[in-house]
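Hello,

Here is the structure for you to look through. My notes follow below it.

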Amino acid sequence: MKKIIVLIVVMLAVAGCGRRNIDAPTPTSSVFQPTPTQAVSAADAAQAQLVALAADGEVLFNTFYAEVGFACETCHFVDQEGMKIGPGLLNVSDRSEGLIDGVSAEDYVHASIVNPNDYIVEDYTANLMPQTYGDIFTEEELDALVAYLMTLQ
Ligand code: HEC
């Protein structure tokens, strides 16, 4: 009799274990991690907007402006740092970040376009770069030019 009871207890225990195993939640943490889809698509949208802005800037950079008699491209290489008439603008974002205390690369480049004499690049002369771009371009066009120059690296 004792043996039968022990056997029943053992069987119940085994059956119980089995059931627990079947019901036990499977480790799903990696599968069910919430994906930050909204954050990702917002970042993608911002990135796409910046790419589009830079593409507009590239067009402006290569356009001839009768008001000044030049395109930016007339005086600046974009694929090297060497001198054309002005300095080559490859890596301009890297070299202008922190060049002036408290001035970001974007602000430095923006100022270099609208007020070229604010910062005269070493080994170059003032008043060579046209001084009237601030009148020629809208703020949005200036943003596009800056966005484009930030991509040159
Ligand atoms: C007639 C030639 C000429 C034209 C056209 C010209 N630049 Fe320049 N640019 C220069 C010279 C020379 C310098 C260096 C002297 C100085 O800092 O002003 C310079 C400097 C710069 C700098 C600073 C570069 C650095 O290494 O710190 C930027 C940015 C710049 N130009 C952007 C532009 C853009 C954008 C345009 C068109 C909207 C343009 N330039 C048109 C001659 C020109």
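Which residues are closest to the ligand, and how many surround it? The shell has 25 residues, where a residue counts if one of its heavy atoms lies within 4 Å of the molecule. The closest are Cys72, Cys75, His76, Tyr108 and Met129.

This is a predicted model, in which local features need pLDDT of at least 70, side-chain atom pairs count only at pLDDT 80 or more, and totals for chains, interfaces and linings use all residues. Residues are numbered from 1 along each chain as its sequence is written, and side-chain values use heavy atoms, with hydrogens and water left out.

The iron atom of the ligand has two protein donors, His76 (NE2) and Met129 (SD), at 2.0 to 2.2 Å; donors are N, O and S atoms within 2.8 Å of the metal (3.2 Å for Na, K and Ca).

Why is the arrangement around the iron octahedral? The six donor atoms subtend angles of 87 to 179 degrees, which makes it so. Six donors count as octahedral if opposite ones are over 155 degrees apart and all others between 65 and 115.

An oxygen atom of the ligand is 2.4 Å from a side-chain N or O atom of Tyr108. For a polar backbone atom of Tyr119, the distance from a ligand oxygen is 3.0 Å.

Regards

Definitions and conventions. A polar contact is a pair of N or O atoms within 3.5 Å; within protein, one must be able to donate a hydrogen and the other to accept it, and residues adjacent in sequence count only if both atoms are side-chain atoms. Four donors count as tetrahedral if all angles lie between 85 and 135 degrees; four count as square planar and six as octahedral if opposite donors are over 155 degrees apart and all others between 65 and 115; anything else is irregular.
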